[in-house]
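Work through the following exercises with the sequence and the model side by side, and try each task before reading its solution.

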Amino acid sequence: MTTNKRKIINDPVHGFLTIEDDIIYDIISHPYFQRQRHIMQLGFSYLVYPGTEHSRFAHMLGALNLMGRALDVLKVKGVDITPDEALGVKIAILLHDIGHGPFSHTSECVLADVHHETLTRMFMQRLNDQMDGQLTTAIQIFNDTYPKRFLHQLVSSQLDMDRLDYLNRDSFFAGVSEGIVGTDRIINMLNVDHDELVVDEKGIYSIEKFIISRRLMYWQVYLHKTVVAADVLLLSILRRAKELLSAGERLEGSNELLLFLSHNYKESDFEQNSELLDAYALMDDNDVMSAVKAWMLHSNDFILRTLCEHLVNRKLSHLRIANHPFGADTVEELHHKATVLYNLKPSESTYFVTTGVLENHAYNFNDQEIIVKFKDGRCLDISEASDQLDRRFLEKTVTKYYVYYPREYKS
């Protein structure tokens, strides 16, 4: 029986999404992609915004939808895009996040010392091998080695379909207005000039709103102090689990999770052992949270058990944020209090007290600038074209410092 591979998906953000290509249907149906249903787009943001339990699966489909609309706009404007290129760039955006591990950025480089984009390339190559080379163009576009550079910019730049989807999607599910941007207008203002993705002059105000919205969403949602506190806690849990496993302790958990916690695999290990990628593809948020619950109930280690109980029951530590680094004396005192509170060795207090840095910038002049094209043919960077966003605002990186410590001695 022949499978109907033409599908319509109802998305709460963009409406009806249409799957028109057999190969895209096959990719979505693949276990590598289905895994994205079980990885939340915003990690622990649901602890603050209960609605943010949407998955990377939904985001990747949304980005695919926006890519199709952008291609239609560019074709109408006379941009030469062949059917193979159109399919390639759609596959590239569809798979742009497939290398993320459980809880997305939180576990990155903890479960494996490999960046998620490197893992994405590995997954794309594996799929290409399994699908008779049908992803070759997509891989070239993703790697920015394809001759038409604007196609890569649609996938990865400061104005790509990834950002246009996640800002609106995350804002929608969080119930905040900061991330709402004029997606339709921005897409309809896209154009190509000398192989560079540009925005027609009439779209300049929408771009200004887009840049400001992204900065606000970082402080409002992505870098919310409760979300950061939960991320720090999960990292402490995984770090403690790795230490116990390296010392010969036995812990409950899926075979795949324990495998990656017991080793520090690097890119070369994935290249030499093809089974590692398949093992990595079997891990998602469920593996981590199932293990955390098991460790809370059954671990003999006080530190691991306590950390897990804090995460499961949302007993998060306090995260204090300041504009300047915290003094060494202050941090040392917090460490000492942790050793007294939990009867720890001095070296063990780092599981309960830590410091870090939060950075947020609106624009990166070293990363494929957003170019505005005027009616007279001039093409200017948004910092020169805008009368609202000067270069000083766009260049400014806001840096804040935090110290994380048990809430029991918040005062």
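A residue counts as buried when its relative accessible area is under 20%, as exposed when that area is over 50%, and as partly exposed in between. The model is a predicted one.

**Exercise 1.** Determine whether K90 is buried or exposed, and find its salt-bridge partner.

*Solution.* K90 has a relative accessible area of 14%, which is under the 20% limit, so K90 is buried. Its partner in a salt bridge is D21, with the closest N and O atoms 3.0 Å apart. Because K90 belongs to helix α4 and D21 to the loop between β2 (15–19) and α1 (22–29), the pair ties together parts that are 69 residues apart in sequence.

**Exercise 2.** Identify the parts of the chain that the salt bridge between D113 and K266 ties together.

*Solution.* The two side chains meet at 2.9 Å, N to O. D113 sits in the loop between α4 and α5 (116–130), and K266 in the loop between α12 (255–262) and α13 (267–272), so the parts joined are 153 residues apart in sequence. As for accessibility, D113 is partly exposed at 35%, and K266 is likewise partly exposed, at 38%.

**Exercise 3.** Describe the surroundings of D80.

*Solution.* Begin with its place in the chain: D80 lies in the loop between α3 (56–76) and α4 (83–94). Its relative accessibility of 54% is over the 50% limit, so D80 counts as exposed. Leaving aside neighbours within four places in sequence, its contacts are E85, K148 and F150; of these, K148 is 68 residues away in sequence, with a C-alpha to C-alpha separation of 9.8 Å.

Key:
Residues are numbered from 1 along each chain as its sequence is written. This is a predicted model: local features need pLDDT of at least 70, side-chain atom pairs count only at pLDDT 80 or more; totals for chains, interfaces and linings use all residues. Side-chain values use heavy atoms; hydrogens and water are left out. Helices (H or I, at least four residues) and strands (E, at least two) are DSSP runs, numbered from the N terminus. Buried means under 20% relative accessible area, exposed over 50%, partly exposed in between (1.4 Å probe, protein chains only). Contact means heavy atoms within 4.5 Å. A salt bridge is a side-chain nitrogen of Lys or Arg within 4 Å of a carboxyl oxygen of Asp or Glu.
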